[in-house]
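Hi,

Here is the structure I said I would pass on to you. Have a look around it first, and then read on for what turned up.

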Amino acid sequence: MTTVLDERITLRCGAGGQAMRALIREVLTDGLAREEMDGAIGLASMDDGAALRLGDQWLVVTTDSHVIQPAFFPGGDIGRLAVSGAVNDLAVMGATHVLALTCAVIIEEGFPREDLVRIQRSIRQTCEEAGAPIVTGDTKVMGRGELDGIVLNTTGIALTDRVVPDSGLRVGDVLIVTGTLGDHGMAVMARRHGLALDGELESDVAPINTLVRTALASAPGAIVAMKDPTRGGVASALHEMAEKSHVGIVIDEMAVPVTDQVRAAAELLGIDPLHIANEGKAVLGVRPDAVDVVLEALRAHPQGRNAVVIGRCVGERIGAVVLDTGFGRRLVTEPDGELLPRIC
Amino acid sequence: MTSDNGGVAQLKFRDPARARSLADALERIVAEIGRSPVSIMHVCGSHEQAIARFGLRATLPRSLNVIMGPGCPVCITDVPEVDEGVVLARHGVRLATYGDMLKVPGTSLSLADAQAEGARIDVVYSVAHAIELARRIDEPLVFFATGFETTAVATAAAVLRDPPPNFFVLSAHKYIPPVMEIVAEMPETRVEGFLAAGHAATITGWGVFEPFVERHHIPVVVAGFEPLDILAGLVKLAELVRDRRATVENMFPRCVTKEGNVRAQEQLWRVFRPIGGRWRGIAHVPNGNLRLRDEFAHLDARKQFDIDLHTLWDFAPPGLAQECICGDIMAGIKSPHDCALFGKACVPHSPVGACMVSSEGTCKIWHQYGGHPDLAATAEERNGGRDYCAR
């Protein structure tokens, strides 16, 4: 059904899930994508970044713009988010040694200088954690009301010998998440909606390139797909992986790691933890015989202590993600639009 | 803690082993009834959510038809009610409402559409939250109040507690008992039992269903919202159907009494009066809508603002809603495939009727699963058991 509003872009298109992918396809892939040569990964793949052949290595490139309300939230801020976003996108492509980052900052007239200093300090610290230098940047100031506070764009580049796409799963492969789910989105949502429970919730925003590096080194070639489950949460990440890899995925809900605080808030608001954004986690698709060694390596890293197997790939219901709740089964849907607290 | 026990805090009412034995009992009792389908209806959004969330539908006997009744207060909020909110918001009045109201379609726009056009709509998670917001701002704030007894009681209490002068209520509150009468009286209705909402019954008491059961000889079971509550409620209901016993059974005694919360009932009826009105996709329900009494006219958005719905009619699409057969689907008479709109003009992100709005609405489920949900374990998984996650 065509309505008047199809002529406008709504927030629904920016919140992860199918509507967002449709927008990316519309704006970028259709018309701009070129044929991908020689195993390269470009726009058409709609992966976390692009991979281009450079001699006997791959150059991985990613770019991301960051807007978040509020700019400072429990556990982090927009500066830490922007650096972690670029670093993690590179990492889940298999490129964990960051060559360089760029950073563009667009600021609304009237933005407090004090906040800007805090954000800059946070960018610097996060870059140090990730071993990622910022080599060029840009600033712009726009009039009051022309944007909401501050927007950051980061682009990252890195070299790697082996690219890990999000499409490499096959039947029997096992899915691991590197830690608890939903921490970032729930902390931000609680703060944004003024929920009285935000004291206990903290974002997981962090660069995880060293964690991913440890996992990759533990079992060379055995990690065949990776994704960082940001907007749209693990549900969207798994959908993309299942669809592109032509497998079905079955998740065991009892195994999905969620902190008690996030679980309580999610139940209160009627939001599925699998739909909530993470900013310091990865989903790994691993060959079955390497699962133990990868888990052990992850758990030995301070960021991977809660790493756990959540499910595996099956040869039925291709492209679908099924959740075994212990009580029954259901299809995992992708979030459609912004996550909203529910009444019923 | 989280991952030490596999990631899920084991709640008392979330024991999969007990769930399996209840599911087995249900299978047995439904088989003993010996008819197919046996149709029962739940009339509560929270039951819907729990059934969907825990995937219970996939474990129910195939011959047990658990129908989503008019139980999701968001889904049955009628088009003109949504329109009232949209018109107010488009005229610059600031609105506060529950998150799941945003996507519910009106004549031509949902509240989310109005928001995309620039209308100011705040998502709140309680009436208290809305009042707090009203106190912080110095312009009128209209609380678009939806929900059944449970949320209506909260609205009533807030109204009686002297809210700030810039706080107004646009009531789309609904009252459940009358609609059960409507469903029971639908010609050809196949509903043989009702699963009633535990939280609403904490207010009304389970005694409120006794006259209904006497009149219609259809059993009612009051149930809670954990998976075991729901399964136990279904088992009890199936037993009553099998034994042809029409009684009210309270399977949620840890919260529900026969009398209910008398003080809350007093507050509810002091603030609201029941009037007849349409429920989306169902019918005109006598005494089904709750409106503010005249005593509270100073808080009533309908009396304090000029809400002219004609402004929406210029570009209204043809009356799709009239072609919607949600009512028949809910009564168990028709299936989504009998509907000309299903999957074409009526899809999840642009729903026409209540059954496509709700995450557990029959049409939404059929659209998502391509028919009855069937997610039994694959042969491969059965052979491997469920131990792949036991590491």
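**What turned up**

In chain B, 53% of the 391 residues are buried. Keep in mind while you read that this is a predicted model.

Let's stay with chain B for a bit. If you take the contacts in chain B between residues at least 6 apart in sequence, 77% of them join residues at least 24 apart.

Start with B:Glu32, which sits in helix α1 (residues 16-33) of chain B. Is B:Glu32 buried or exposed? B:Glu32 is exposed, because 12 other C-beta atoms lie within 10 Å, and a residue counts as exposed at 12 or fewer. Now find B:Val74: from C-alpha to C-alpha, B:Glu32 and B:Val74 are 36 Å apart in space, and they are 42 residues apart in sequence.

The other one is B:Pro140, in the loop between α5 (127-136) and β5 (141-147) of chain B. B:Pro140 has 18 other C-beta atoms within 10 Å, so it is partly exposed. Which residues does B:Pro140 touch, leaving aside its neighbours within four places in sequence? They are B:Val93, B:Arg94, B:Asn166 and B:Phe168. For B:Pro140 and B:His284, the separation is 144 residues in sequence and 32 Å in space, C-alpha to C-alpha.

**Some backbone details**

There is a cis peptide bond in chain B, joining B:Ser36 and B:Pro37, with omega at about -5 degrees. B:Pro37 is in the loop between α1 and β1 (38-42) of chain B.

Chain A has a cis peptide bond too, between A:Gln69 and A:Pro70, where omega is about -5 degrees. You'll find A:Pro70 in the loop between β2 (57-66) and β3 (72-73) of chain A.

A:Met46 is not a glycine, yet its phi is positive, at about 50 degrees. A:Met46 belongs to the loop between α1 (17-32) and β1 (50-54) of chain A, and it is partly exposed, with 17 other C-beta atoms within 10 Å. A:His246 is not a glycine either, and its phi is positive at about 55 degrees. A:His246 is in the loop between α6 (233-245) and β10 (248-252) of chain A. With 14 C-beta neighbours inside 10 Å, A:His246 is partly exposed.

Next, zoom in on helix α5 (residues 209-218) of chain A, where A:Asn209, A:Leu211, A:Val212, A:Ala215 and A:Leu216 are buried. Why do these residues end up on the same side of α5(A)? Because they cover an arc of only 160 degrees around the axis. What do the buried residues of α5(A) pack against? In chain A, their partners are the helices α2 (78-91), α3 (113-130) and α8 (291-300), along with the strands β5 (98-108), β9 (223-227) and β11 (283-286).

A quick bit of background: two packed helices are described by the angle between their axes and the distance between the axes.

On the α5(A) side, A:Leu211, A:Thr214, A:Ala215 and A:Ser218 meet A:Val293, A:Val294, A:Ala297 and A:Leu298 of α8(A). Sorted by class, this contact of α5(A) with α8(A) has six nonpolar residues, two polar ones and no charged ones.

Then compare helix α4 (residues 183-192) and helix α7 (residues 260-269) of chain A, which pack at an angle of about 55 degrees with their axes 10 Å apart. That makes α4(A) and α7(A) oblique to each other, and their crossing is left-handed. The contact is made by A:Asp183, A:Met186 and A:Ala190 of α4(A) and by A:Val262, A:Ala265 and A:Ala266 of α7(A). By class, the contact of α4(A) with α7(A) has five nonpolar residues, no polar ones and one charged one.

Note on methods:
Residues are numbered from 1 along each chain as its sequence is written. Chains are lettered from A and ligands numbered from 1 in the order in which they are written. This is a predicted model: local features need pLDDT of at least 70, side-chain atom pairs count only at pLDDT 80 or more; totals for chains, interfaces and linings use all residues. A residue is buried if 20 or more other C-beta atoms lie within 10 Å of its own, exposed if 12 or fewer, and partly exposed in between; C-beta atoms are placed from the backbone. Helices (H or I, at least four residues) and strands (E, at least two) are DSSP runs, numbered from the N terminus. The arc is that of the directions from the helix axis to the C-beta atoms. Two residues are in contact if their C-beta atoms, placed from the backbone, lie within 7 Å. Ala, Val, Leu, Ile, Met, Phe, Trp, Tyr, Cys and Pro count as nonpolar, Asp, Glu, Lys and Arg as charged, and the others, Gly among them, as polar. Axes are lines fitted to C-alpha atoms, for helices over the stretch in contact, and angles run from 0 to 180 degrees between N-to-C directions. Angles under 35 degrees count as roughly parallel, over 145 as roughly antiparallel, 65 to 115 as roughly perpendicular and the rest as oblique. A crossing is left-handed if the near helix is turned anticlockwise from the far one by less than a right angle, and right-handed if clockwise.
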